[in-house]
Amino acid sequence: MIAEKKKTYTILGIDPGTRITGYGIVKTDLTFYEPLDYGAIRPPPKLPLFERQLIIHEAVAHLLELHPIDAISIESQYVSKNPQSALKLGMAKGVAILAGTQRKIPVFEYAPKKAKIAVVGTGNATKEQVGRMIQVLLHLPEVPHPEDAADALALALCHSHHIKGFSYA
């Protein structure tokens, strides 16, 4: 009898922002995790907002062309005290989502606390704790930089836990 091949998933995690959009791509069979790529999209801050949004969209689209992505895991919008900041963040998130939906890739949203629980075990984890746990879980030689890339990898792992059936109520 031939052994059945395990299903693998390639998940793109995105931590959206107009100044820095973190990304992390993880391939997993739900028992082993292989980081394929991670980093940050940094549109020049002096550009008008709509041009920065275009750069984010094109960069995410490029990542989707380079890797056979099965799902996108993106941070749900955090509503801050500053409505302008929340609006800009939502727009960055929207252009990233658009790149995936144009390619019929399913998009899943997770609150920052859920991603922290997925990798650290507590929703109150610091950025440093998330980065260190990502380094350990993915066997990376160093903590991913910038922090937005570590957060994006955490979002990818969070989605893999969702696939397994874990819940972070």
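In which strand is Glu75 found? Glu75 belongs to strand 4, residues 71-75, where strands (E, at least two residues) and helices (H or I, at least four) are DSSP runs numbered from the N terminus. The model is predicted, so local features need pLDDT of at least 70 and side-chain atom pairs count only at pLDDT 80 or more, while totals for chains, interfaces and linings use all residues. Residues are numbered from 1 along each chain as its sequence is written, and side-chain values use heavy atoms, with hydrogens and water left out.

**Annotated positions**

An unreviewed UniProt entry places the feature "active site" at Asp15, Glu75 and Asp148; such annotations may be inferred rather than shown by experiment. The three positions are spread over 134 residues of sequence but cluster in space, with a largest C-alpha distance of 10.8 Å. Asp15, Glu75 and Asp148 are in the lining of the second largest pocket. A pocket here is an open set of points on a 1 Å grid over the protein atoms alone, where a 1.4 Å probe fits, with protein on both sides within 12 Å along at least five of seven lines; lining residues have an atom within 4 Å of a point.

Asp15 is in strand 1, residues 9-15. Contact means heavy atoms within 4.5 Å. Not counting residues up to four places away in sequence, Asp15 touches Glu75 and Asp148, and also Ile20, Thr21, Gly22, Asp151, Ala152 and Leu155. With the same exclusion, the contacts of Glu75 include Asp15, Lys93, Tyr110 and Leu155.

Thr18 is located in the loop between strand 1 and strand 2 (21-28). Leaving aside neighbours within four places in sequence, Thr18 is in contact with Pro43, Leu49, Arg52, Ile56, Lys88 and Ala92.

Buried means under 20% relative accessible area, exposed over 50%, and partly exposed in between (1.4 Å probe, protein chains only).

| Residue | Relative accessibility | Class |
|---|---|---|
| Asp15 | 5% | buried |
| Glu75 | 16% | buried |
| Thr18 | 13% | buried |

**Helix packing**

Helix 4 (residues 127-137) and helix 5 (residues 147-164) pack at an angle of about 60°, with axes 9 Å apart. Axes are lines fitted to C-alpha atoms over the stretch in contact, and angles run from 0 to 180 degrees between N-to-C directions. Helix 4 and helix 5 are therefore oblique to each other, since angles under 35 degrees count as roughly parallel, over 145 as roughly antiparallel, 65 to 115 as roughly perpendicular and the rest as oblique. Residues of helix 4 at this packing include Val130, Ile134 and Leu137, and those of helix 5 include Ala150, Leu153 and Leu157.
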